[in-house]
Amino acid sequence: MSSSRTPTRAARPPQAPDRAAARWRSGPWPAILAAVLCYASSLGNGFAYDDNPIVRDNPRIRSLDNLAQIWLTDWWLDPDATVQDPTRDRLYRPLTLFSFAVNHAVHGLAPLGYHVVNVLLHALAAALVWRFALAMLESRSVASLAALLFAVHPVHAEAVANVVGRAEVLSTVFLLLGLIALTRGASPPGRAALLSACGAFLAALLSKETAVCYLPVALLALARRFGAARLPWRTWGLYVLALGLPVAVYLPARAYALEARLIRDKVTSGLFNPLRDAEGPARIHGPLSVLGHYARLLIAPADLSCDYGLAIFNPNAGPTVVTVLGAAFAAALLAALRGFAKPRGLWRELAFLAAMFLASYFLISNAVLLIGVSLAERLFYWPSVPALLGAALLVNELHRRACEPGGLLHERLGLLRTLGALLLVALVLRTAVRNPDWRDDFTLFSADVAMHPNGAHLNASLAQLVIWDAERERDPRAREALLRRAAELLDRALAVSARFPQALRQRGKVYLLEGDADRARKFVESALALNPSDEKAQRLLAELGAVTEQDAARLDDLRRQVQENPSDVAARLELGRLLIRVGLNEDALVQLLAAYELSPQDAAVVKAYGEALLVCFQQERALEIFRRAVELDPRDWESHANLSRLLAETDPRAALEHARRANELQPDDVRTQINLAEAYAANGAVAEALRRFERIEAALPQDSPLRAAVRERMRELRP
């Protein structure tokens, strides 16, 4: 009887060390290590810019028990405030807020923990970029290069080194997890994969709203990965329905949290987004300039900034080199899209990446929908993924065609590799140097003003910090030097935009600290003429003596009267008006609402209540109340003037009628004159608006800050 042996697999020889090293280099680990090492320089940062209201000063993240306040409120909302500016960004990012609450539960407000989480999340994002690139392009070398570029690129410094940039990083991590869930298998995704992807995409939306691009991006990824299988239309329809579920969950939650306002009411500041004031050709070439800036940031990210507002980006100045770069980038994207006509190959892969980029970039492009800023480095965190995949794909193709044996550049391969390594080192160094700029507000604004000395908002932001230092400084010489520095920064900001209320108010504050009360009052009053709701300017007027000691005593008396006799309408009316004068707008609103409820037929009470609503940013209710005020007293010029401002965008014809009436009733008041000129401009009567602005300028005193604001407005109106 013959014996038998169980067959065994031959022992596999150990993998050659050089092959193992090459496989390690083409894997995700170099990108992960590079991300951690490159952004280690951010770990010493504190809180800067939006970190302060969202993290440092945000009571919602102080406890994990604040679930309703975290998950069902606006990103910007202060739950302790009774009113909120309705023109602010309408943002809903509860998962990001919850992550901050988890941080706080572990280590309180110590900044290090928040920055460690950001760096680790960025490293995870780099690893996921590698995995997604491998699934999409089926090349380890392309995936490795793309992930490495993503890991070290300076355009990501704002998203990683600034704590609130976590919204971008978290959103990108979940987007990539969802895309990988859909594309990781050899066959089209089944129910489990779709469910995983939907969960990841919902988490991405709850991290940041720009993840709404996930649906077209996911369909493009599926088409690239499984298009050759010729899936039936019914399957594609099921994919669309299934992948639409995260939006179906997200939008109702967002609408509830944002009080049914899914987006901001309007772009209110041309300082942050100069495209708001762009017309004609500028509105066409402006978005190309935005694209050009992003292209420049990808190619040569030497000049970085936390703000790309007026002066740094100015579409009304005409096309620039950056506009040409944007046009070239747009042309390249359109050329790449033609690759969809190819059955396979490089051009078809580029077509999918170009389409993914466009789907990801559309919301932040300012091409159709104006957002709060013209551009921002943090917004490019996710769109940079398809862009860098495309760059890595092109570099790999160039190497294959020209650098391999027999290629035109084969003999210079060593030089090319050295240049590539130097480029990578340059990116690493730029990122490592940029990260500490986000240490705190003073470091950040100082660095960015040095890089962009004409940035209006940058100069005003740095000036505010210098003013605070001057107020604390006890040495007279040092205080004087600080005030000179603040004045220089503010004069620079006002040279860019004379209609900058914040800068006008701050310039008034500098004059006040220097002892020049008359000049201070002129600047503060000019700020209020441009923005009547500026509570800080109202309080500054109180400091300037607009509220006397007798007024302060009167406040105490009136409060006591109202407490003793809550139905005393006259006392509530006087108290409310006085509270507005001293800048206590929310307290004034409480008193004047009570007075209105007690005496809704009293024209003076109705008008005062409307003014309180207006300074508390409740424009819709203010519009209703001022209409009632002019019904009760048709000769109330202030109510007509307020109606003119409130109706300027929604009903310019009615705004013009109210502006005319206000000017007829009070022709010598500069506010009614400016209102009327603006109303003519809103109705297309530019020549009449210019004529009236010329008369206003001629009548203003030579030292009035409003002269420069009026001249600037005339320059904007002239063809």
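**Entry 1. Ground rules.**
I worked on a predicted model, where local features need pLDDT of at least 70, side-chain atom pairs count only at pLDDT 80 or more, and totals for chains, interfaces and linings use all residues. Residues are numbered from 1 along each chain as its sequence is written, and side-chain values use heavy atoms, with hydrogens and water left out.

**Entry 2. H9 and its two partners.**
I took helices as DSSP runs (H or I, at least four residues), numbered from the N terminus. I looked up helix H5 (residues 94–107) against H9 and found that their axes come within 9 Å and cross at roughly 110°. Axes here are lines fitted to C-alpha atoms over the stretch in contact, and angles run from 0 to 180 degrees between N-to-C directions. H5 is therefore roughly perpendicular to H9. The classes are: under 35 degrees roughly parallel, over 145 roughly antiparallel, 65 to 115 roughly perpendicular, and the rest oblique.

I noted the H5 and H9 crossing as right-handed. Handedness is left if the near helix is turned anticlockwise from the far one by less than a right angle, and right if clockwise. For contact (heavy atoms within 4.5 Å), I listed Leu95, Thr96, Ser99, Phe100 and Asn103 in H5 and Arg166, Ala167, Leu170 and Phe174 in H9. By class, this contact has five nonpolar, three polar and one charged residues. Nonpolar covers Ala, Val, Leu, Ile, Met, Phe, Trp, Tyr, Cys and Pro, charged covers Asp, Glu, Lys and Arg, and the others, Gly among them, are polar.

Next I checked H9 with helix H10 (residues 191–207): the axes come within 8 Å and cross at roughly 165°. H9 is therefore roughly antiparallel to H10. The crossing of H9 and H10 is left-handed. The residues of the H9 and H10 contact divide into 15 nonpolar, four polar and no charged.

**Entry 3. H15 and H16.**
Helix H15 (residues 321–337) and helix H16 (residues 346–361) pack at about 125°, and I have their axes at 7 Å apart. The two are therefore oblique to each other. Their crossing is left-handed. From H15 the contact uses Phe329, Leu333, Ala335, Ala336 and Leu337, and from H16 the residues include Trp347, Leu350 and Phe357. I counted twelve nonpolar, no polar and no charged residues in the H15 and H16 contact.

**Entry 4. Cavities.**
I searched the whole structure and got two cavities of 30 Å³ or more. A cavity is a set of points on a 1 Å grid over the protein atoms alone where a 1.4 Å probe fits but cannot get out; a pocket is an open set with protein on both sides within 12 Å along at least five of seven lines, and lining residues have an atom within 4 Å of a point. Points are joined across faces, edges and corners, and a volume is the space filled by probe spheres set on them.

The largest cavity holds about 100 Å³. H9 (residues 166–183) gives the most to its lining, with four residues. I logged seven nonpolar, four polar and one charged residues there.

The second largest cavity has about 30 Å³. Tyr49, Asp50, Glu158, Asn162, Val164 and Arg378 line this cavity, which I class as two nonpolar, one polar and three charged.

**Entry 5. Second largest pocket.**
I put the volume of this pocket at about 1800 Å³. Of its 47 lining residues, Leu145, Leu149, Ala391, Val395 and Asn396 are the closest to the centre. Elements giving two or more residues include H15 and H16. H17 gives the most, eleven residues. The lining has 37 nonpolar, eight polar and two charged residues.
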